[in-house]
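User: Could you walk me through this model, starting with what sits around the ligand?
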Amino acid sequence: MTEAGKRYSTISILLHWLIAALVLVQILLISAHDATEGPMSREFVQIHKSVGLAVLLLTLFRIGWRVANPPPALPATMKPWEKALSGTVHVLFYVALILLPLTGWAASSAMRREIVWFGLFNWPLLPVGGGRETAGALMDLHGIAVKTVYGLVALHVIGALKHQFIDRDTVLGRMVPFLARRP
Ligand code: HEM
Ligand code: HEM
């Protein structure tokens with residue numbers, strides 16, 4: 001098989017889909033928080049914080065894994081601007097997947113709100129002061145990072161569909177294990 005016909009490593013594929021699923025879970029948890037009241041509603045935010053911090057750890061591990069296991073070469077049929085755009089979207093994804101949990105973590109820290117990670121232990125707070133005002137500014141950044149992720153997902157999915165149905169190349173199969181490999 002040519003280099004361009006190869007897939008990402010199994011660990012990279014698992015991390016890709018696990019993190020994508022957890023981002024979706026995060027949005028569902030916030031919707032559940034918005035739709036409920038009282039202790040139940042606060043519990044959804046607690047779980048949101050724990051899952052978000054897990055995404056931070058998984059993303060840091062993923063970046064380390066990627067450095068040690070670079071992806072196979074892209075198809076030679078891809079134009080330089082397509083490679084540049086896809087690379088930029090991927091880098092921005094990593095930046096957003098770090099900034100999102102970091103801003104949430106920093107906002108909770110500014111409010112001195114305890115984070116009990118999945119009920120197991122107290123997650124350390126960051127040395128961020130400033131109380132409500134700082135927390136509000138950090139949550140604004142959290143919201144901007146979320147919107148950035150939405151925009152990136154849209155570009156990313158349009159790109160994936162273009163590869164699969166217009167270019168009809170091997171790109172989607174690099175990340176979707178059950179797709180038939182194309183020569
Ligand atoms: C992948 C990670 C994360 C994603 C995708 C995510 C996503 C979101 C979204 C979509 C909202 C609603 C924003 C809005 O209504 O404008 C939100 C709110 C919030 N997030 Fe996150 N978040 C993540 C990580 C975190 C972390 C790590 C923390 C804290 C440790 C956190 C704390 C919060 C809080 C406190 C809110 C406001 C909840 C409320 O309305 O009271 N988030 N997040
Ligand atoms: C929240 C959702 C998602 C996130 C955060 C995300 C993030 C990423 C990132 C960071 C990469 C780059 C991997 C690397 O080389 O380091 C990537 C690659 C990829 N993603 Fe996603 N992704 C998401 C959803 C999706 C969806 C829904 C699809 C399919 C429709 C998809 C298909 C792909 C494919 C095919 C690649 C490999 C591209 C290549 O070969 O260069 N992703 N994704």
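Analyst: This is a predicted model, and in it H2 gives the most to the shell around ligand 1, with 6 residues.

User: How many residues surround ligand 1, and which are the closest?
Analyst: Ligand 1 is surrounded by 20 residues, and the closest are Gln 26, Lys 49, Gly 52, Pro 101 and Gly 104. The elements that give two or more residues to that shell are helix H1 (10–35), helix H2 (38–68), helix H3 (80–110) and helix H4 (131–167).

User: And what is the shell around ligand 1 like by class?
Analyst: Sorted by class, the shell has 11 nonpolar, 8 polar and 1 charged residues.

User: Back to H2, which of its residues are buried?
Analyst: The buried residues of H2 are Lys 49, Gly 52, Val 55, Thr 59 and Arg 62, and what covers them includes H1, H3 and strand E1 (115–117). As for length, H2 has 31 residues and reaches 46 Å from its first C-alpha to its last, which is close to the 45 Å expected at 1.5 Å a residue.

User: Changing topic, which residues make up the largest nonpolar core?
Analyst: That core has 7 residues in all, namely Val 23, Val 55, Phe 93, Ala 96, Leu 97, Leu 100 and Val 149, and H3 gives the most to it, with 4 residues. Another core, of 6 residues, lies apart from it and has Ala 106, Ala 107, Ala 110 and Ala 135 among its members.

User: What is Val 149 in contact with, leaving aside its neighbours within four places in sequence?
Analyst: With those neighbours set aside, Val 149 is in contact with Val 23, Ala 96 and Leu 100.

Note on methods:
Residues numbered from 1 in each chain as written. Chains lettered and ligands numbered in written order. Predicted model: local features only at pLDDT ≥ 70, side-chain atom pairs only at ≥ 80, totals over all residues. Near = placed C-beta within 6 Å. Nonpolar A, V, L, I, M, F, W, Y, C, P; charged D, E, K, R; others polar. Core = buried A, V, L, I, M, F, W, Y, C linked by C-beta atoms within 7 Å. Buried ≥ 20, exposed ≤ 12 C-beta atoms within 10 Å, placed from the backbone. Contact = placed C-beta atoms within 7 Å. Expected span 1.5 Å × (residues − 1).
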